Amino acid sequence: MTHPRQVLLGAAVAAPLPVCDHYCGTEPRMLKALALQGEMMQALGACVFDVTLDCEDGAPVGGEKDHAFMVSALVLKGLVAIENELTPLQRRVAVRVHPVGHPAFEQDIQIVLGEAAAAWSHLMLPKVDSVKDVDRALQVIDTALASSGRTQSLPIHVLIESPLAVHQAASIAAHPRVESLSFGLMDFVSAHGGAIPASAMSVGGLRSADEFDQFSHPLVVRAKLEISAACHAYGKVPSHGVVTEFKRLDVIQAAAQRASRELGFTRMWSIHPDQIRPILAAFTPKQSEVEQASHIICAAQAAGWAPISVAGSLHDRASFRYYWQVLEKAHQTGRLDRQDPAYKYFAC
C-alpha cells in the first residue's frame with residue numbers, strides 16, 4: 001500500500017507534530033506534565049502534546065548547571081521507564097536551552113546531549129535573530145551529538161522573539177535543520193522599547209476599545225503572519241506562542257481557535273496543564289469533517305488517486321491533499337477513532 005502522505009505531500013514536507021507544546025521549568029511541574037502525557041497517550045491512543053523541559057527561563061540565575069543536570073537525569077529516568085512500557089506509542093520530550101550567546105549555552109548542550117541525547121524529540125533554540133545564530137548553535141550541538149552515540153538526527157526548533165528575527169523568518173525557516181518556528185510574544189513586545197503597549201501581551205477582556213491585544217495589535221499580528229507564512233512556504237511547522245491566562249478555559253480555547261483558523265498556526269504553546277485540553281479542542285477537526293475526509297481518502301486510494309466524484313462534487317489530488325491533512329490533525333489530537341477505515345494509515 002502506497003501511503004497517502006507520500007502520494008499527496010512527498011518526502012520534502014515536514015512530518016506533522018502534536019498540536020500542543022507544553023513548557024515546564026521546575027521539577028515538580030515536569031513530573032506532573034510527564035505523568036499527564038502518559039495518561040493521555042493511553043486514553044487517546046496517540047502522543048497528543050509535547051513536553052518541553054525548560055533550561056532557559058526555568059533555571060535560577062547562578063544555578064544553570066545544576067538545573068541542566070536535573071533535567072538530564074529526569075529525562076533519562078523517563079527513558080528507562082518508556083523502554084519498560086508495553087506500548088507502541090512513543091513519548092515526545094524536548095528541551096529548551098539558553099540562547100547561543102549566553103554563557104550557559106555550551107554548558108547546557110554538553111549536559112543535556114550527554115547521556116540523555118537519545119531521549120529528546122527536538123531541541124528548542126531561543127532568541128535566534130538570524131541563520132548565523134542557527135549555524136553557530138549547530139556547531140556546538142553537532143559536536144556534542146557526535147560524542148553522544150545518538151544515531152538519529154535531532155530536529156531543531158527556533159524561537160522568534162525580536163523584530164530582527166521576524167525580518168529574517170523566511171531565511172530561518174528555509175534552514176534544512178529547522179523543523180519548526182515558534183513566536184515569543186513577551187520578548188517581542190518588550191523588544192520594542194515601549195512602542196507596543198502591555199495589553200498586546202494579553203488576549204481578550206480589554207477595558208477600553210482603544211486597547212490592543214495580541215490578536216489585534218498590527219505589529220504583533222504582522223509578526224505572527226510572517227512566521228506562519230514563512231513556515232508554510234518551506235514545509236515547517238508554525239507554533240503559536242503563549243496565552244498567559246490559564247484560569248479562563250474559554251479564553252484559551254478562543255485564542256487557540258484564532259491562532260489556527262485566522263493565522264494559520266498548526267501548533268501552540270501551553271504553560272499550564274489546564275491549557276492543554278482547550279488547545280487540543282481548538283485544533284481538533286469537527287467529527288463531520290473527519291468522517292468526510294476519511295470517506296474521500298479511502299475512495300481516492302481505491303481509485304488509484306485518480307479524480308473521483310463524491311456526493312456530486314469532483315475531487316482530485318488538490319482536495320485529497322487537504323482532506324489527508326484533516327485526518328493527520330485528527331490523529332494528532334487523538335480524535336481519529338481506531339475503528340475508522342482511515343485509521344489503518346496511522347497504525348503502521
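Predicted model: local features only at pLDDT ≥ 70, side-chain atom pairs only at ≥ 80, totals over all residues.
Residues are numbered from 1 along each chain as its sequence is written, and side-chain values use heavy atoms, leaving out hydrogens and water.

**How the helices meet**
- α12 (residues 287-302) and α13 (residues 317-332) pack at about 125°, with axes 9 Å apart; the axes are lines fitted to C-alpha atoms over the stretch in contact, and angles run from 0 to 180 degrees between N-to-C directions.
- On the α12 side, the contact (heavy atoms within 4.5 Å) includes Ile296, Ile297 and Ala300, and on the α13 side it includes Phe320, Tyr323 and Trp324.
- The residues of this contact split into 11 nonpolar, 2 polar and 1 charged.

**Aromatic pairs**
- The whole structure holds 6 aromatic pairs, meaning Phe, Tyr or Trp rings (for Trp, the six-membered one) with centres within 6.5 Å; planes under 30 degrees apart are stacked, over 60 edge-to-face, and the rest tilted.
- Tryptophan 305 and phenylalanine 320 make an edge-to-face pair, because their planes stand at 65°, with centres 6.1 Å apart.
- That pair links distant parts of the chain, 15 residues apart: tryptophan 305 is in the loop between α12 and β9, and phenylalanine 320 is in α13.
- Phenylalanine 320 is buried at 0% relative accessible area, with buried meaning under 20%, exposed over 50%, and partly exposed in between (1.4 Å probe, protein chains only).
- Tryptophan 305 is buried too, at 8%.

Note on methods:
Helix = DSSP H or I, 4+ residues; strand = E, 2+ residues; numbered from the N terminus. Nonpolar A, V, L, I, M, F, W, Y, C, P; charged D, E, K, R; others polar.
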